[in-house]
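Thanks for asking me to look this one over. Here are my notes, in the order I would go through them with you at the screen.

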Amino acid sequence: MIDILWALVPSILFGLQTTITGAVKTTDQQRVLGLTMGGFIFALAVTPFLGVQWNVRDVIVAFVTGLIVGWGLVDQVAAFNVLGVSRTMPVSTGGQLAAISLGGVLLFGEWRHGGALPVGATAIIVLILGIWFVSRTEEGSDTKNLDWARGTRLLMTSTFAFSSYVLIGRAFGLDGPSILLPQATGYFLVALIAYAVDARRKGDEAPKLVSLPMAQMTALGLMWGAAVVLLQVGAGRVGVATGFTLSQLGILISTPLGILWLGEHRAGRELRWTVIGVALVIVGAVLAGVAKGLDAA
């Protein structure tokens, strides 16, 4: 029981960090820069204590995956402003789970043993249904005024990025501790470039690097970095399949907080659809974890 509670901590941190990120009043580029700066600082601080052994190939691949993570973060944070946290996170989580699961089947021959394939296929169907429910809007709702075209594009690109970096890491057999710092360097570099481009475009109106919002986002980045490390520790305690499932439960925090705290309005039926969609994404995550467990048994 203690191990399960330990493995739940990263999901709580991820859920809180995501919601607070949407609440900080600043530009998307500053949000991402502060977040990745905190993650980089945390990785730099803990790596000497993790006993990692690097080789050139792993460092290069980890750095490239970090660039991909940075791209995903830039687009996901932008989606918060376009669609809201409570819409972005369930759709993003469900999409990543479905894409990573499909990638595992197609690229690595997973779900071939122990009845994993039917359970996994059911998981993907349930995840897609969950995404559909969360994305539904009610006729006459003010959500019709949202820029769905841009929001959908941002969700697709960020989901592709977050799914790709996981699959690339799996293909090269990278382990968590060894990739932590090179990956953090990659996503911090992307954030620096995005901030520099935005600052050059805005000139004197660009937000300052030394500011309260930057300090807030850097603190959130430290929380994010801690969650990543704790996720690896938790998976080691409860197993990859269970850890994989528990890591997705942050949407149980970010979705209601997005509605109640950030004021992301839902009409009557939309609220019910959101609840159903989030529940389906959680069920899909559980089924995907079960499929992983069956495949490994």
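How many helices and strands does the secondary structure of the protein chain come to?

1. The count is 11 helices and 0 strands.

2. On confidence, the average pLDDT of the protein chain is 85, and 90% of the residues score at least 70. Helix α9 (residues 240–246) has the lowest mean pLDDT of the elements, 61, while α3 has the highest, 94. Where pLDDT is low, the predicted coordinates should not be read in detail.

3. Just after α3 comes Gly 84, which has a positive phi of about 95 degrees.

4. Now to the interior. Of the 297 residues in the protein chain, 52% count as buried. The largest nonpolar core has 40 residues, and those with the most contacts inside it are Leu 33, Leu 35, Val 69, Leu 73, Trp 224 and Ile 251. At least two residues of this core come from each of α1 (2–23), α2 (28–46), α3, α4 (85–108), α7 (176–202), α8 (212–238) and α11. In soluble globular proteins, nonpolar side chains tend to be buried together.

5. Leu 73 is a handy place to start looking at those contacts. Not counting residues up to four places away in sequence, Leu 73 touches Val 32, Leu 35, Thr 36, Phe 162 and Trp 224. There is also a second, separate core of 8 residues, including Leu 83, Val 91, Val 134 and Leu 155.

6. Is Thr 274 buried or exposed? Thr 274 lies in helix α11 (residues 268–296) and counts as buried because its relative accessibility is 3%, where the cut-off is under 20%. Beyond its neighbours within four places in sequence, Thr 274 is in contact with Phe 133, Val 134, Thr 255, Ile 259 and Arg 266.

7. Two totals for the whole chain to finish. Among contacts with a separation of 6 or more, 89% are between residues 24 or more positions apart. The protein chain exposes about 13,700 Å², and carbon and sulfur atoms supply 69% of that area.

How values were computed
Residues are numbered from 1 along each chain as its sequence is written. This is a predicted model: local features need pLDDT of at least 70, side-chain atom pairs count only at pLDDT 80 or more; totals for chains, interfaces and linings use all residues. Side-chain values use heavy atoms; hydrogens and water are left out. Helices (H or I, at least four residues) and strands (E, at least two) are DSSP runs, numbered from the N terminus. Buried means under 20% relative accessible area, exposed over 50%, partly exposed in between (1.4 Å probe, protein chains only). Contact means heavy atoms within 4.5 Å. pLDDT is the predictor's confidence in each residue, from 0 to 100. A nonpolar core is a set of buried Ala, Val, Leu, Ile, Met, Phe, Trp, Tyr and Cys residues joined through side-chain atoms within 4.5 Å. Accessible areas come from the Shrake-Rupley method with a 1.4 Å probe; for residues, only the protein chains shown count as cover.
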